[in-house]
Amino acid sequence: MATDARLALITRPGCHLCDDAKAALDRVVAVTGDTWVEWDVTGNDELEREYGDRLPVVMLDGKEHGYWRVEEDRLLRDLTTPQL
């Protein structure tokens, strides 16, 4: 799932934690100016197998950053700290 966005949120419909995570990501990107994309596990066997039991999952730069809850302070820090 290639994307230009640094942030991705893996979700499924009807997931209340996913709705909370979307709102959290919106708050984070309002500060950083980044964008995020949503990846729905519905109909995607690979995503369902890998992440289905711990949704939502936040991906940063293609790596898992966290699941179930968005740690907004940590995510802000990781988005704004220069990578060495």
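Good morning. A residue counts as partly exposed when its relative accessible area lies between the buried limit, under 20%, and the exposed limit, over 50%. By that scale Lys22 is partly exposed, because its relative accessible area is 22%. Please bear in mind throughout that this is a predicted model.

Let me stay with Lys22. In helix α1, residues 16-32, Lys22 and Asp19 sit 3 residues apart, about one turn of the helix. The two form a salt bridge, with the closest N and O atoms 3.9 Å apart. Asp19 is partly exposed as well, at 46% relative accessibility. Lys22 also meets the side chain of Glu38 in a salt bridge of 3.2 Å, N to O. Glu38 belongs to strand β2, residues 36-40, so this pair ties together parts that are 16 residues apart in sequence. The relative accessible area of Glu38 is 40%, which is again partly exposed.

A further salt bridge, 2.7 Å from N to O, joins the side chains of Arg27 and Glu72. Here helix α1 is linked to helix α3, residues 72-80, with the partners 45 residues apart. Across the whole structure, the search finds 12 salt bridges.

I turn now to His65, in strand β4, residues 63-67. Is His65 buried or exposed? With a relative accessible area of 11%, it is buried. Its side chain makes a polar contact of 2.7 Å with that of Asp78. Among the other residues that His65 touches are Val58, Met59 and Leu60. Strand β4 pairs with β3, residues 57-60, in the antiparallel sense over 4 bridges, and Met59 has Glu64 as its bridge partner in β4. Thank you.

Technical notes. Residues are numbered from 1 along each chain as its sequence is written. This is a predicted model: local features need pLDDT of at least 70, side-chain atom pairs count only at pLDDT 80 or more; totals for chains, interfaces and linings use all residues. Side-chain values use heavy atoms; hydrogens and water are left out. Helices (H or I, at least four residues) and strands (E, at least two) are DSSP runs, numbered from the N terminus. Buried means under 20% relative accessible area, exposed over 50%, partly exposed in between (1.4 Å probe, protein chains only). A polar contact is a pair of N or O atoms within 3.5 Å; within protein, one must be able to donate a hydrogen and the other to accept it, and residues adjacent in sequence count only if both atoms are side-chain atoms. Contact means heavy atoms within 4.5 Å. Two strands pair if DSSP finds at least two bridges between them. A salt bridge is a side-chain nitrogen of Lys or Arg within 4 Å of a carboxyl oxygen of Asp or Glu. Lists of a residue's contacts leave out its neighbours within four places in sequence.
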